[in-house]
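Open the model in your viewer and keep the sequence panel beside it. The stops below say what to select and what is there.

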Amino acid sequence: PACKKKVMSFAPHHMISKIDLSGFKTVSRSSLKELLEAIELLPCLRALSLRDNGITDDHDKEVLSIFDNKSIVKVDLSQNLMKKLGGQIGKKLKDECSHITWIDLT
């Protein structure tokens with residue numbers, strides 16, 4: 001029998017909708033910046049988990065820019081070392097973000 005070629009579909013149901021990079025313990029600002037640049041190329045991304053990555057208040061610019069991406073609606077930043085950044089995120093959510101439906105900052 002002849003082999004049928006499968007055609008790769010780029011329909012949204014075949015694209016990445018969730019990224020879970022939890023547990024890396026020490027994420028640098030430059031690696032977060034690179035991740036955010038890559039996320040811009042993922043139009044179907046809806047959920048981002050960066051739990052337990054050693055994210056601190058020093059990562060403020062990078063973390064706050066996550067919330068500028070309107071396609072991301074669920075964010076998990078739990079088990080990180082954020083003190084002031086948690087308040088900054090809360091202010092941004094209150095003042096600028098209506099697209100976030102779920103967030104974990106515990």
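**Whole chain**

This is a predicted model, in which local features need a pLDDT of at least 70, side-chain atom pairs count only at pLDDT 80 or more, and totals for chains, interfaces and linings use all residues. Residues are numbered from 1 along each chain as its sequence is written, and side-chain values use heavy atoms, with hydrogens and water left out.

Start by colouring the chain by pLDDT, the predictor's confidence in each residue, from 0 to 100. The chain average is 90, and 87% of the residues score at least 70. Confidence is lowest in helix 1 (residues 29-39), with a mean of 93, and highest in strand 3, at 98. Where pLDDT is low, the predicted coordinates should not be read in detail.

Switch to a cartoon view. The chain has three helices and four strands, arranged along the sequence as β-α-β-α-β-α-β. Helices (H or I, at least four residues) and strands (E, at least two) are DSSP runs, numbered from the N terminus.

Now show the surface. The chain has about 7,200 Å² of accessible surface, and carbon and sulfur atoms account for 58% of that surface; the areas come from the Shrake-Rupley method with a 1.4 Å probe, and for residues only the protein chains shown count as cover. Of the 106 residues in the chain, 36% are buried. Buried means under 20% relative accessible area, exposed over 50%, and partly exposed in between (1.4 Å probe, protein chains only).

Contact here means heavy atoms within 4.5 Å. Among contacts between residues at least 6 apart in sequence, 81% join residues at least 24 apart.

**Helix 3**

Select residues 84-95, which form helix 3. Its twelve residues should span 16 Å at 1.5 Å a residue, and the end C-alpha atoms are 17 Å apart, which agrees. The expected span is 1.5 Å times one less than the number of residues.

Which residues of helix 3 are buried? They are Leu85, Ile89 and Lys92. Looking down the axis of helix 3, these buried residues fall within an arc of 65°, so they line one face of the helix; the arc is that of the directions from the helix axis to the C-beta atoms. The buried residues pack against helix 2 and strand 4 (102-104). Turn to the face pointing away from the buried side to find the exposed residues Lys84, Lys91 and Lys94.

**Salt bridges**

A salt bridge is a side-chain nitrogen of Lys or Arg within 4 Å of a carboxyl oxygen of Asp or Glu. The structure holds six.

Stay on helix 3 and show the side chain of Lys92. Lys92 is buried, at 12% relative accessible area. The side chains of Asp68 and Lys92 form a salt bridge, 2.8 Å from N to O. Asp68 sits in the loop between helix 2 and strand 3, 24 residues from Lys92, and the pair links distant parts of the chain. Asp68 is partly exposed, with 44% relative accessibility.

Glu96 is exposed, at 51% relative accessible area.

Next select Arg51 and Asp76. Their salt bridge has its closest N and O atoms 3.1 Å apart. Arg51 lies in the loop between strand 2 (47-49) and helix 2 (60-66), and Asp76 in strand 3 (residues 74-76), so the pair ties together parts that are 25 residues apart in sequence. Arg51 is partly exposed, at 28% relative accessible area, whereas Asp76 is buried, at 8%.

**Loop residues**

Move to Leu77, in the loop between strand 3 and helix 3. Is Leu77 buried or exposed? Leu77 is buried, with a relative accessible area of 0%. Leaving aside neighbours within four places in sequence, Leu77 is in contact with Leu50, Ile55, Val63, Phe67, Met82, Ile89, Asp104 and Leu105. The C-alpha atoms of Leu77 and Leu50 are 5.2 Å apart, although 27 residues separate them along the chain.

In the loop between strand 3 and helix 3, select Gln79. Gln79 is not a glycine, but its phi is positive, near 60°. Finish at Asp52, in the loop between strand 2 and helix 2. Asp52 also has a positive phi, about 55°, although it is not a glycine.
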